[in-house]
Amino acid sequence: MTATRHPDRQTTWIRRLLVAAGVLAAAYGIIGVLTDPSVYLPNYARYTITVLFGHDLLVLPAAIVVGAVLTRWLPAWARPVVQGALFVTAVLTVVALPLVLGFGRTADNPSALPRDYPRGYAICLAVIWLVTAGLLAVRALRRHRSTTDPNTREHL
């Protein structure tokens, strides 16, 4: 049986303030969209529905599956490093995906998206995961040394 941990009063108030700030920001955006005569509402509705369904049907299930796999198969000492690498990879993918897919590239304008974005994306991913592998190797070595060295075993 596990004990339920309740947040203290300060944490509860910070959460309430953050929720209030989020609600105010959303209300400001909604009022701005609804009162601006230059806004074409069907485009915003389509965008909102796409983002909501994309999050609920794609991003959230993928995050749950990845979290379950990490918890099941990775040792606890390796999880933070891999989770950080996955987070950076996800952010990089969100930012780079339109460039990698070539959105906005036209045949009559060679200066639009002039770089080799798929190659740059692949290089960035390689760097992220090589650094991750290096960090995991260092952590594994430190862990091995601390478990085999009798001088440091007392401090565990």
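Before using helix names, I noted that helices are DSSP runs of H or I with at least four residues, numbered from the N terminus. I also kept in mind that this is a predicted model.

Entry one, the surface. I looked for a nonpolar patch and found one of about 400 Å², made by Ile30, Leu34, Leu41 and Tyr44. Which helices supply it? I see that α1 (9-35) and α2 (41-73) each give at least two residues to the nonpolar patch. Ile30, for one, sits in helix α1.

Entry two, the record. I checked UniProt, where an unreviewed entry places the feature "transmembrane region" at residues 12-35, 47-69, 81-100 and 120-138. I then took two of these spans to the model. Residues 81-100 are 100% helix and 0% strand, and the end C-alpha atoms of that span lie 26 Å apart. Residues 120-138 are also 100% helix and 0% strand, with end C-alpha atoms 27 Å apart.

I looked up the largest pocket and noted a volume of about 390 Å³. Its lining has 15 residues, and Ala62, Ala63, Val66, Leu86 and Ala90 lie nearest the centre. Where does the lining come from? Both α2 and α3 (79-101) supply at least two residues each, and α2 has the largest share, with 8 residues.

Terms used. Residues numbered from 1 in each chain as written. Predicted model: local features only at pLDDT ≥ 70, side-chain atom pairs only at ≥ 80, totals over all residues. Heavy atoms only, no water. Patch = residues over 30% accessible without salt bridge, like charges linked within 9 Å, V, L, I, M, F, W, Y side chains within 5 Å. Areas by Shrake-Rupley, 256 points an atom, 1.4 Å probe, with all protein chains shown as cover. Salt bridge = Lys/Arg side-chain N within 4 Å of Asp/Glu carboxyl O. UniProt positions renumbered as here; feature names shortened; annotations may be inferred. 1 Å grid on protein atoms, 1.4 Å probe; cavity = no way out; pocket = protein on both sides within 12 Å on 5 of 7 lines; lining within 4 Å. Points joined across faces, edges and corners; volume = space filled by probe spheres on them.
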